Amino acid sequence: MDAPEIQPLTADHWPAVRAILEDGIAMGDATFETAAPGWAAWDRDHLPGHRLVAALDGQVVGWAALSPVSERCVYAGVAEDSVYVAAAATGRGVGRALLERLVAGADAAGIWTIQAGIFPENQASLALHRRCGFRTVGVRERLGKLGGRWRDVVLLERRSPLVD
(Lines give C-alpha, C1' and ligand atoms only; values in the text may rest on other atoms or scores of the structure.)
Protein backbone atom coordinates (compact mmCIF):
# COMPACT_ATOMS: atom_id res chain seq x y z
CA MET A 1 0.00 0.00 0.00
CA ASP A 2 1.41 3.37 -1.00
CA ALA A 3 1.83 6.09 1.58
CA PRO A 4 -0.25 9.21 0.97
CA GLU A 5 1.50 12.20 -0.51
CA ILE A 6 1.10 15.18 1.86
CA GLN A 7 1.28 18.71 0.47
CA PRO A 8 0.10 22.23 1.36
CA LEU A 9 -3.60 22.83 0.77
CA THR A 10 -4.22 25.59 -1.78
CA ALA A 11 -7.29 27.17 -3.37
CA ASP A 12 -6.83 24.75 -6.29
CA HIS A 13 -7.60 21.86 -3.91
CA TRP A 14 -10.81 23.46 -2.66
CA PRO A 15 -13.30 21.50 -4.82
CA ALA A 16 -11.94 18.17 -3.55
CA VAL A 17 -11.56 19.45 0.03
CA ARG A 18 -15.12 20.78 0.00
CA ALA A 19 -16.47 17.46 -1.32
CA ILE A 20 -14.71 15.55 1.49
CA LEU A 21 -16.06 18.05 4.03
CA GLU A 22 -19.58 17.70 2.62
CA ASP A 23 -19.33 13.91 2.95
CA GLY A 24 -18.26 14.36 6.58
CA ILE A 25 -21.22 16.66 7.20
CA ALA A 26 -23.58 14.13 5.62
CA MET A 27 -22.18 11.34 7.84
CA GLY A 28 -23.57 13.23 10.85
CA ASP A 29 -20.78 12.46 13.35
CA ALA A 30 -17.98 14.75 12.14
CA THR A 31 -19.11 18.32 12.80
CA PHE A 32 -21.89 20.61 13.97
CA GLU A 33 -21.73 22.32 10.57
CA THR A 34 -24.66 21.61 8.29
CA ALA A 35 -23.20 23.06 5.08
CA ALA A 36 -19.70 23.60 3.74
CA PRO A 37 -18.61 27.23 3.51
CA GLY A 38 -17.24 28.83 0.38
CA TRP A 39 -13.50 29.08 -0.14
CA ALA A 40 -13.25 32.69 1.08
CA ALA A 41 -14.84 31.87 4.45
CA TRP A 42 -12.86 28.66 4.87
CA ASP A 43 -9.63 30.45 3.95
CA ARG A 44 -10.34 33.24 6.47
CA ASP A 45 -11.04 30.77 9.29
CA HIS A 46 -7.94 28.55 8.96
CA LEU A 47 -4.32 29.35 9.78
CA PRO A 48 -2.06 29.91 6.78
CA GLY A 49 0.85 27.47 6.82
CA HIS A 50 -1.20 24.84 8.68
CA ARG A 51 -3.36 23.42 5.88
CA LEU A 52 -2.61 20.09 4.25
CA VAL A 53 -4.04 17.69 1.72
CA ALA A 54 -3.27 14.01 1.26
CA ALA A 55 -3.28 12.42 -2.18
CA LEU A 56 -3.30 8.79 -3.26
CA ASP A 57 -2.71 8.05 -6.93
CA GLY A 58 -2.94 11.77 -7.66
CA GLN A 59 -6.40 12.18 -6.07
CA VAL A 60 -7.03 14.28 -2.95
CA VAL A 61 -8.40 11.86 -0.34
CA GLY A 62 -8.05 13.87 2.85
CA TRP A 63 -7.23 17.18 4.40
CA ALA A 64 -6.27 18.69 7.74
CA ALA A 65 -6.01 22.24 8.99
CA LEU A 66 -5.67 24.34 12.12
CA SER A 67 -8.00 27.13 13.20
CA PRO A 68 -7.32 29.69 15.90
CA VAL A 69 -9.40 29.14 19.03
CA SER A 70 -9.53 32.83 19.93
CA GLU A 71 -8.35 36.24 18.77
CA ARG A 72 -7.11 37.07 22.28
CA CYS A 73 -3.31 37.24 22.35
CA VAL A 74 -3.05 34.87 25.33
CA TYR A 75 -4.37 32.10 23.05
CA ALA A 76 -2.00 32.82 20.16
CA GLY A 77 -0.39 29.39 20.57
CA VAL A 78 -3.61 27.41 20.83
CA ALA A 79 -5.30 25.99 17.75
CA GLU A 80 -8.06 23.52 16.95
CA ASP A 81 -7.56 20.84 14.35
CA SER A 82 -9.81 19.49 11.63
CA VAL A 83 -8.97 16.18 9.94
CA TYR A 84 -11.19 14.69 7.23
CA VAL A 85 -10.60 11.57 5.15
CA ALA A 86 -12.68 10.45 2.16
CA ALA A 87 -14.67 7.29 2.91
CA ALA A 88 -12.91 5.41 0.11
CA ALA A 89 -9.52 6.09 1.72
CA THR A 90 -10.21 5.15 5.35
CA GLY A 91 -7.88 2.60 6.87
CA ARG A 92 -5.00 3.54 4.56
CA GLY A 93 -3.03 5.76 6.95
CA VAL A 94 -4.28 9.02 5.45
CA GLY A 95 -5.60 10.52 8.70
CA ARG A 96 -2.49 9.60 10.63
CA ALA A 97 -0.14 10.99 7.97
CA LEU A 98 -2.09 14.25 7.91
CA LEU A 99 -2.33 14.65 11.68
CA GLU A 100 1.33 13.76 12.28
CA ARG A 101 2.43 16.35 9.70
CA LEU A 102 0.00 18.95 11.09
CA VAL A 103 1.35 18.39 14.63
CA ALA A 104 4.97 18.63 13.45
CA GLY A 105 4.23 21.92 11.69
CA ALA A 106 2.45 23.28 14.74
CA ASP A 107 5.38 22.34 16.99
CA ALA A 108 7.84 24.02 14.62
CA ALA A 109 5.70 27.19 14.58
CA GLY A 110 5.54 27.43 18.38
CA ILE A 111 1.91 26.41 18.73
CA TRP A 112 1.83 24.98 22.25
CA THR A 113 -1.59 23.35 22.32
CA ILE A 114 -3.71 21.70 19.65
CA GLN A 115 -7.21 20.84 20.72
CA ALA A 116 -9.92 18.78 19.08
CA GLY A 117 -13.62 18.47 19.77
CA ILE A 118 -14.96 15.10 18.61
CA PHE A 119 -18.38 13.50 18.90
CA PRO A 120 -18.10 10.36 21.09
CA GLU A 121 -19.66 8.31 18.28
CA ASN A 122 -16.69 9.13 16.01
CA GLN A 123 -14.50 6.35 17.40
CA ALA A 124 -12.08 6.41 14.46
CA SER A 125 -11.23 10.09 15.02
CA LEU A 126 -10.87 9.59 18.77
CA ALA A 127 -8.48 6.67 18.21
CA LEU A 128 -6.49 8.64 15.62
CA HIS A 129 -6.01 11.59 17.95
CA ARG A 130 -4.99 9.36 20.86
CA ARG A 131 -2.44 7.57 18.62
CA CYS A 132 -1.00 10.98 17.75
CA GLY A 133 -0.43 12.04 21.36
CA PHE A 134 -3.72 13.71 22.27
CA ARG A 135 -5.26 13.14 25.69
CA THR A 136 -8.88 13.41 26.70
CA VAL A 137 -9.51 16.50 28.80
CA GLY A 138 -13.19 15.79 29.36
CA VAL A 139 -16.62 15.55 27.82
CA ARG A 140 -18.61 18.67 27.09
CA GLU A 141 -22.12 17.35 27.67
CA ARG A 142 -24.98 18.54 25.51
CA LEU A 143 -22.73 21.15 23.93
CA GLY A 144 -25.02 21.82 20.99
CA LYS A 145 -27.86 20.48 18.93
CA LEU A 146 -27.46 18.83 15.56
CA GLY A 147 -30.56 17.73 13.72
CA GLY A 148 -32.66 18.59 16.76
CA ARG A 149 -30.63 16.28 19.02
CA TRP A 150 -28.25 17.34 21.79
CA ARG A 151 -24.69 16.18 21.15
CA ASP A 152 -21.80 15.64 23.54
CA VAL A 153 -18.27 16.51 22.46
CA VAL A 154 -15.09 14.88 23.73
CA LEU A 155 -12.41 17.54 24.23
CA LEU A 156 -8.88 16.35 23.50
CA GLU A 157 -5.63 18.25 23.51
CA ARG A 158 -1.98 17.79 22.71
CA ARG A 159 0.61 19.94 24.40
CA SER A 160 3.82 20.49 22.44
CA PRO A 161 6.91 19.09 24.15
CA LEU A 162 8.95 21.86 22.48
CA VAL A 163 7.32 24.72 24.37
CA ASP A 164 8.21 25.46 28.01
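1. Asp 107 is buried, with a relative accessible area of 13%; buried means under 20%, exposed over 50% and partly exposed in between, with a 1.4 Å probe and protein chains only.

2. On the source: this is a predicted model, in which local features need pLDDT of at least 70 and side-chain atom pairs count only at pLDDT 80 or more, while totals for chains, interfaces and linings use all residues. Residues are numbered from 1 along each chain as its sequence is written, and side-chain values use heavy atoms, with hydrogens and water left out.

3. Asp 107 belongs to helix α3, residues 94-108. Helices (H or I, at least four residues) and strands (E, at least two) are DSSP runs numbered from the N terminus. Other buried residues of α3 include Val 94, Leu 98, Leu 99 and Val 103. The 15 residues of α3 should span 21 Å at 1.5 Å a residue, and its end C-alpha atoms are 21 Å apart, which agrees; the expected span is 1.5 Å times one less than the number of residues. After α3 comes Gly 110, with a positive phi near 85°.

4. The sheet is open, with 7 strands in the order β1-β2-β3-β4-β5-β7-β6 and mixed pairing; strands pair if DSSP finds at least two bridges between them. β1 (5-8) and β6 (135-146) stand at the edges with a single partner strand each, so one side of each has no neighbour in the sheet. β5 (113-118) and β7 (149-159) run antiparallel and are joined by 6 bridges, and Gly 117 has Leu 155 in β7 as its bridge partner.

5. α3 lies across β1, β2, β3, β4, β5 and β7, at about 35° to β3. Helix α1 (14-27) lies across β2, β3 and β4, at about 80° to β3. Axes are lines fitted to C-alpha atoms, for helices over the stretch in contact, and angles run from 0 to 180 degrees between N-to-C directions.

Notes: Contact means heavy atoms within 4.5 Å.
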